[in-house]
Amino acid sequence: MDETAHGKSLLGDFLSGRRAQLKPADVGLPDYGDRRRVPGLRREELAQLAGVSVAYYTRLEQGLSLNASPQVLDALATALRLDDEERRHLHTLSGDPRQSRRRLPAERVTAAIRQLVDAFGDSPVVVVGRRSDVLMWNRPGHALFAGHLAPDSPDQAATRPNTARLIFLDAHTRDLYVDWPRKARDVVGKLRQAVGEYPHDPHLASLIGELTMRSPQFATLWAEHRVRAWGMTEYRMRHPMVGELDVLQHSLPVPQGQGIRVVVTTAAPGSASQAALQLLNQTLQPATGMSATARFVPPVHP
């Protein structure tokens, strides 16, 4: 399959997947019960709602029509009842396929990123790449999220931790989140966004294939075609050393980082959760003569 066809199959899969999740009653159409042979809306029904011809919409789903206009995409987004992030994702999937063929830069933890991580002091920090690989963490970040893993595991490019893989395949990480299904949906939604932005990244495609085969929960969520934005999200965690705590995870994009993000975890000032984070930090042995991140700086990999 050439790259253009591959890129457009992502658009078709998204359209058909979201169409299947809409019931006629959701959009004020009659439901014919057992006479309905497809889940969700028919193509002609969605085309009618969006104000486009059935033939044109069919070509979009089949990947035979390129570069749909922004007006058509907005009409489809409205008909599919997409939220703002999903609407942007739809536009991304329909973008110029030549853009997606650009060579992806190496994911590097630069000196500027290390300085930024150090500036957060004792706050847990994890730096993740466009595929959600852990590129580095500071000592509090390692202790909060992955104390059962070797501290230097992000140093090994071929086997470094991946947050999506941990959420679905690692029992320790699954137990960290009181509402694991919500965290799982967020992780899958962010991977959906990444696939839209980097549709020809073979390592990302390999990760999606692995998780689909190894985790039925992932496969089910992936088929829903939901998109989640990076930003600020609140979770309740259940840490084996300090118990339950409510935290905010802030995702900060690195300028010109091509998908690299610095994820900082905080708790409300004066709260029991902040006290729990402080207690966790007190359990860490200080690295004499080193900053919190200095001993975990990964090498640069091509």
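Predicted model: local features only at pLDDT ≥ 70, side-chain atom pairs only at ≥ 80, totals over all residues.
Residues are numbered from 1 along each chain as its sequence is written, and side-chain values use heavy atoms, with hydrogens and water left out. Local features need pLDDT of at least 70 and side-chain atom pairs count only at pLDDT 80 or more, whereas totals for chains, interfaces and linings use all residues.

The protein has 13 helices and five strands, where helices (H or I, at least four residues) and strands (E, at least two) are DSSP runs, numbered from the N terminus. Of its 302 residues, 46% count as buried, a word that means under 20% relative accessible area, with exposed being over 50% and partly exposed in between (1.4 Å probe, protein chains only). Among the contacts in the protein with a separation of 6 or more, 61% come from residues 24 or more positions apart; contact here means heavy atoms within 4.5 Å.

Two packed helices are described by the angle between their axes and the distance between the axes. The axes are lines fitted to C-alpha atoms, for helices over the stretch in contact, and the angles run from 0 to 180 degrees between N-to-C directions. Helix α2 (residues 43-50) and α4 have axes that come within 8 Å and cross at roughly 115 degrees. This crossing is right-handed, the term for a near helix turned clockwise from the far one by less than a right angle, with anticlockwise being left-handed. On the α2 side the contact uses Leu46, Leu49 and Ala50, which meet Ala75, Leu76 and Ala79 in α4. These residues divide into six nonpolar, no polar and no charged, where Ala, Val, Leu, Ile, Met, Phe, Trp, Tyr, Cys and Pro count as nonpolar, Asp, Glu, Lys and Arg as charged, and the others, Gly among them, as polar.

Helix α4 (residues 70-79) also packs against helix α5 (residues 84-93), their axes coming within 10 Å and crossing at roughly 140 degrees. The two helices are therefore oblique to each other, the class left over once angles under 35 degrees count as roughly parallel, over 145 as roughly antiparallel and 65 to 115 as roughly perpendicular. This crossing, too, is right-handed. From α4 the contact draws on Pro70, Leu73, Asp74, Leu76, Ala77 and Thr78, and from α5 on Arg87, Leu90 and His91; the set divides into five nonpolar, two polar and two charged.

Leaving aside neighbours within four places in sequence, Val72 is in contact with Val52, Tyr56 and Leu60. The buried residues of helix α3 (residues 54-62) are Tyr56, Tyr57, Thr58, Leu60 and Glu61, and α3 is followed by Gly63, whose phi is positive, near 75 degrees.

A search of the whole structure finds four aromatic pairs, meaning rings of Phe, Tyr and Trp (its six-membered ring) with centres within 6.5 Å, where planes under 30 degrees apart count as stacked, over 60 as edge-to-face and the rest as tilted. Phe168 and Trp180 form an edge-to-face pair, 5.6 Å centre to centre with 80 degrees between the planes. Because Phe168 lies in helix α8 (residues 163-169) and Trp180 in helix α10 (residues 180-197), the pair ties together parts that are twelve residues apart in sequence.
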